[in-house]
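Please keep the sequence and structure in view while reading.

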Amino acid sequence: MSVVEPWLHVMAAVIRGQEGRILLAQRPPGKHQGGKWEFPGGKLEVGETPLQGLKRELHEELGIEVQHAQPLIKVRHVYPETAVLLDVWEVDVFTGEPHGREGQPVGWFETEQLSGLEFPPANYPIVTAARLPEVCLITPEPEDPAVFLHKLEVALQSGIRLVQFRAKRLLPDEYLALARETARLAHSFSARVLLNSPPVMLPEADGLHLTSAQLWQDHDWQPHNGWLSASCHSREELAQAAEIGVDFAFLSPVLPTLSHPGAAHLGWEAFAACVEQVNFPVYALGGLDNSHVVAARKRGGQGIAAIRSLWS
Ligand SMILES: Nc1nc2c([nH]c(=O)n2[C@@H]2O[C@H](COP(=O)(O)OP(=O)(O)OP(=O)(O)O)[C@@H](O)[C@H]2O)c(=O)[nH]1
Ligand SMILES: [Mg+2]
């Protein structure tokens, strides 16, 4: 990311309503990026904290009072006219009926409708972050397929909506057969499945996940369908993931893990510093469970990913 100072600090909100629908506004025709859909918000004023600025903007533009909000993602983007830092928060509790107080059209959209709308160019990673859940299950090495699918169903019943199918010891045909079953079962819960380094990409998968070694291979990884994600363990790997155009990443190990007890880990401070340098969502991974979601969000992360703590 090029360093252009000063960044114009803009607060913007992913406002969640009933059934997770998201409130968008249309930018007035005469303004920068006019006519496009936006996450409501505006410029932070001198002396305001980000949360104060967010609350003020949403009151001014929509007439709502924010009751609860937490950081979702920060995106830096350089337009020919201005360099913006979009500081995006997720608002899940508010009072008042949102309406366009400045005459701008507003509407509620399903997350799946977002990719079909026209946004300012800076918004692509925000749309990804809005579509991704806070928690991602990474599957443990499958032993018996029937037992594996049963445990996967239990996880899906408990609310898992993103699964990274990881199976390093299966033969290619076994991998693909179980990956198809995993996608079929996950889709019946409206959950999505990323395939971790599959022998070939399957059309029924929702994304391709790369190992950190694959990041450095001279290969065009962009899948025809779905997201591209990657495993990273350092700033260098995150920068390389940005270079090849991943949609999001997993950064590990954040805390000590049971599988590698004595190994070095990043800690939350280094996690936050690494996340700050990229413009895409990053899941914290390593020694984490559901209770760490808030900590990950506070450090700029999308949420947490785990194997052990999310599997029965
Ligand atoms: N609010 C908002 N601004 C965005 C988004 N995406 C994006 O590139 N921007 C850019 O961020 C900048 C600040 O936005 P703004 O026009 O809402 O600022 P504001 O509410 O304070 O308006 P004002 O200039 O009338 O006081 C603009 O250059 C806008 O194009 C988005 O999703 N939401
Ligand atoms: Mg605005």
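Q: How many residues line the second largest pocket, and which lie nearest its centre?
A: A pocket is, on a 1 Å grid over the protein atoms alone, an open set of points where a 1.4 Å probe fits, with protein on both sides within 12 Å along at least five of seven lines; lining residues have an atom within 4 Å of a point. In this predicted model, local features need pLDDT of at least 70 and side-chain atom pairs count only at pLDDT 80 or more, while totals for chains, interfaces and linings use all residues; side-chain values use heavy atoms, with hydrogens and water left out. Residues are numbered from 1 along each chain as its sequence is written, and chains are lettered from A and ligands numbered from 1 in the order in which they are written. The second largest pocket is lined by 27 residues, and those nearest its centre are V10, R27, E38, G41 and G42.

Q: Which element gives the most to the lining of the second largest pocket?
A: Helices (H or I, at least four residues) and strands (E, at least two) are DSSP runs, numbered from the N terminus. At least two lining residues come from each of β1 (8–16), β4, α1 and β6. The most, 4 residues, come from β1.

Q: What is the volume of the second largest pocket?
A: Grid points are joined across faces, edges and corners, and a volume is the space filled by probe spheres set on the points. For the second largest pocket this gives about 510 Å³.

Q: Which pocket does ligand 1 take up?
A: A molecule sits in a pocket if more than half of its atoms lie within 2 Å of its grid points. By that rule, the space of ligand 1 is the second largest pocket.

Q: Which side chain has an N or O atom 2.6 Å from an oxygen atom of ligand 1?
A: A polar contact is a pair of N or O atoms within 3.5 Å. R27 places a polar side-chain atom 2.8 Å from a ligand oxygen, and E38 places one 3.1 Å from a ligand nitrogen. The 2.6 Å pair belongs to Y79.

Q: Which element supplies the largest share of the shell around ligand 1?
A: A residue is near the ligand if one of its heavy atoms lies within 4 Å of it. Of the 18 residues around ligand 1, H32, F39, K43, Y79 and N123 come nearest. The largest share, 3 residues, is from β4.

Note on methods
A polar contact is a pair of N or O atoms within 3.5 Å; within protein, one must be able to donate a hydrogen and the other to accept it, and residues adjacent in sequence count only if both atoms are side-chain atoms.
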